[in-house]
Amino acid sequence: MGSVLIGVENISTPKWATVGRRAASVSLGKALRSLPEAIRLVVRLAWRTSPRLTLLAGAVHVVSGCVTAFGLLATADVFAALLRDGPTPDRVVSSLPALAVVVASYATRALLDTAVSAVESSLRPRVTRAATDEVTAVLARAELLAFEDADFRELARQGGRRGVRSLESSLRYLADLLSSCITLVAAVVTVGLLDPWLAPALLLAAAANAWASARASKLRYEHFLDSVTRNIRKGVVEEVTTDRGFALERHALTLQERLLAEHRRIADSLMGDEIRMAHRTNLVRLTGRALAGLGTGVAYAVLGLLLHTGDMELALAGAALLAMRTAFSSLATTTRAVNALYEDSFYLDFYRKLLVEGAERAQRSSDVRAPADPEVITLTNVTFTYPGKETPALDDVSLTVRRGEVIALVGENGSGKTTLGKVLTGLYPATAGTVRWDGVDLADADKTSVHSSIAVIAQEPARWPMTARRNVTVGRLDRDDEDAWRDAVAKSGADEVLATLPAGADTVLSRQFNDGQDLSGGQWQRMGIARGTYRDAAVLVADEPTAALDAKAEARVFEGLREATARRTTILVTHRLANIRNADRIVLLDGGRIVEEGTHEELMALRGHYHELFELQASAYRGDLLAQPAPPT
Ligand SMILES: Nc1ncnc2c1ncn2[C@@H]1O[C@H](COP(=O)(O)OP(=O)(O)OP(=O)(O)O)[C@@H](O)[C@H]1O
């Protein structure tokens, strides 16, 4: 079956990564122009978080930059006074005012640095919190179907993790950029004022540095995009190699070494690429530094030439030298900040995309309320296709369900039973056709109003990391009804589970907490049934509710369901046909289409597919299936 264990060699690259690849391959200038967008995003979020702190941070940085510039000009004055012609004591005395300004500027700068870090340490956690909150809110409010889209899930991971981290670092780099730019401008203006020829040489060094930094960022980003798919694959292999959920089969199938080898294979390929990328980045940096060095050399050569030809006095040359050194150091800070912001801007884009896409996929609210207890649910020519799939899971399904009816959905694995349950209850929107509750199209209805009227007992119920009692009452938090709770745990058989727990209903059901307990598959299923029963909704979807239950518990659950179904509409998905003989209607699905529909007696009389399935199961119980084959005659 081939040597690749997981078999995901050819999984496609997420859409957003393909778009990002295109963005990264545009010209550098164009890409750099996208920088203001990233800056705007960071500033806007900071502003929303705290306008006062944002203004303060900006102001403190500007003042700090100005003080540095001021100190620089004052130092030039000190040089000018010291290197003037005349007796030394006079020169020293005349330099004192400028020296005092230099000392004052250093002291102020030190105070401002403290202010900067105080303001930033108040602002940054607020921005991080706001960004994390935005991501969490977008995901919490996304429609159910969004979580079926692998691209969206990966975007959520990248936007939530890298995006928020980049936002935080961008804020720091933005602040650095602001103050270093002011110092740089002051230094370049000082140099330019001393001699206009020196400025272009400085700019050459700046351009070389900026080019190298931006190019290196682009290489790193391209590498990230190239490795996205492999990183997803590595994550999957990591999970199956180390996760508890796979531990049993990993050992029983003796897969540990195979999985480890697979993990190493992918990790090696990623490491190889990473090293290659690092070498290329270093080469780019070297070229940048060589060009910047050339610019610096030219600047010093011009200075030497000016001194040699007598076009510049020694005193001014001293000041120019100092300004040039300041310019180079703030240039280094500026390019580092621009470079980091440029690189962050790619990841900020994930964050932005996640917010945009999340907003598009938000569960819509609407003024149209679904009826709380629908009389009739009508599906008309409903088709449903999962995101990223070609073939529909439901194909032209029409069905009418009346209040109080018990409809059993049967059919082979993958025939669309679970999907039909979700579309019928508005959890998934129909791709085509309509689902109406008493004439209200669920496509227009407020989803919360629809979902308030449904209870879902899932095939694999969620294992809520809460107390056992909460695992049931979370079914309807606004209900506080001790009788209903007792009834729910009794009908589901959850009462027997509670009796085995050390702290009874107050035991926390999660191994993540101290003293937390885990349950068996069947015990979790009983908790799920209790939750669905406690919810007491008008429309109940029970999807294989008893698949993991022992026979006694199953009988008890069906007894409970029968009692409750008189009041509510029930959609029951099951493979155990013996349990649904009394259903009002049985709907047989095949390949997403309804192929047979009627009562048990009607379908048996039809002698079609249902009859065949029923007979097959019945014969298994009668013992025909395992009976010795008749000896050949
Ligand atoms: N999350 C999903 N993403 C993509 N395709 C899906 C998803 N869930 C189900 N499908 C596909 O939709 C089709 C119908 O699946 P569904 O779960 O509704 O079948 P089912 O009849 O409930 O099956 P089973 O008896 O195994 O529970 C199948 O072809 C399945 O592969």
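Which residue is the bridge partner of Leu588 in E10? The partner is Glu596, and I shall return to that pair once the overall picture is in place.

Good morning. The structure before you is a predicted model, in which local features need pLDDT of at least 70, side-chain atom pairs count only at pLDDT 80 or more, and totals for chains, interfaces and linings use all residues. Residues are numbered from 1 along each chain as its sequence is written.

Let me begin with the chain as a whole. The secondary structure of the protein chain comes to 19 helices and 10 strands; these are DSSP runs numbered from the N terminus, with helices being H or I of at least four residues and strands being E of at least two. The radius of gyration is 35 Å, well over the 26 Å that the globule rule gives for 633 residues, so the protein chain is more spread out than a compact globule. That radius is taken over C-alpha atoms, and the rule is 2.2 Å times the number of residues to the power 0.38. Along the principal axes, the C-alpha atoms fill a box of roughly 125 × 60 × 50 Å. Of the 633 residues, 36% count as buried; buried means 20 or more other C-beta atoms within 10 Å of a residue's own, exposed means 12 or fewer, and partly exposed lies in between, with C-beta atoms placed from the backbone. Among contacts between residues at least 6 apart in sequence, 80% join residues at least 24 apart, a contact being two C-beta atoms, placed from the backbone, within 7 Å.

I turn to two helices. Helix H5, residues 88–140, has 53 residues and should span 78 Å at 1.5 Å a residue; its end C-alpha atoms are 75 Å apart, which agrees. The expected span is 1.5 Å times one less than the number of residues. At Leu96, shortly before the proline Pro97, H5 has a kink of about 40 degrees, where the bend is the angle between axes fitted to the seven residues ending there and the seven starting there. Buried residues of H5 include Val102, Leu112, Arg124 and Glu134. The buried residues of this helix pack against helices H3, H4, H6 and H10.

Helix H9, residues 256–308, also has 53 residues, and reaches 75 Å from its first C-alpha to its last, close to the 78 Å expected. Among its buried residues are Glu262, His263, Gly288 and Thr296. The buried residues of H9 pack against H7 and H10. Just after H9, Gly310 takes a positive phi of about 80 degrees.

Now to the sheets. Six strands form an open sheet in the order E6-E7-E8-E3-E9-E10, with mixed pairing; two strands pair if DSSP finds at least two bridges between them. Strands E6 and E10 are the edges, each pairing on one side only. The twist averages 20 degrees from one strand to the next.

Within this sheet, what is the burial of E3? 6 of its 6 residues are buried. In a regular strand the side chains alternate between the two faces of the sheet. Both faces of E3 are covered, with Val406, Ala408 and Val410 on one side and Ile407, Leu409 and Gly411 on the other. E3 and E8 run parallel, joined by 4 bridges, and the partner of Ile407 in E8 is Ile571. E3 also pairs with E9 in the parallel sense, over 5 bridges, and there Leu409 has Val587 as its partner.

That brings us back to the opening pair. E9 and E10 pair in the antiparallel sense over 5 bridges, and Leu588 meets Glu596 in E10. Helix H11, residues 417–424, packs on the sheet, touching E3, E7, E8 and E9, and its direction makes about 160 degrees with that of E8. Axes here are lines fitted to C-alpha atoms, for helices over the stretch in contact, and angles run from 0 to 180 degrees between N-to-C directions.

Helix H16, residues 521–535, lies across E6 and E7, at about 170 degrees to E6. Gln525 belongs to H16 and is buried, with 28 other C-beta atoms within 10 Å. Leaving aside neighbours within four places in sequence, Gln525 is in contact with Pro461, Ala548 and Leu549.

Finally, 4 strands form an open antiparallel sheet in the order E2-E1-E4-E5. Its edge strands are E2 and E5. H11 packs on this sheet, touching E1, E2 and E4, at about 125 degrees to E1.
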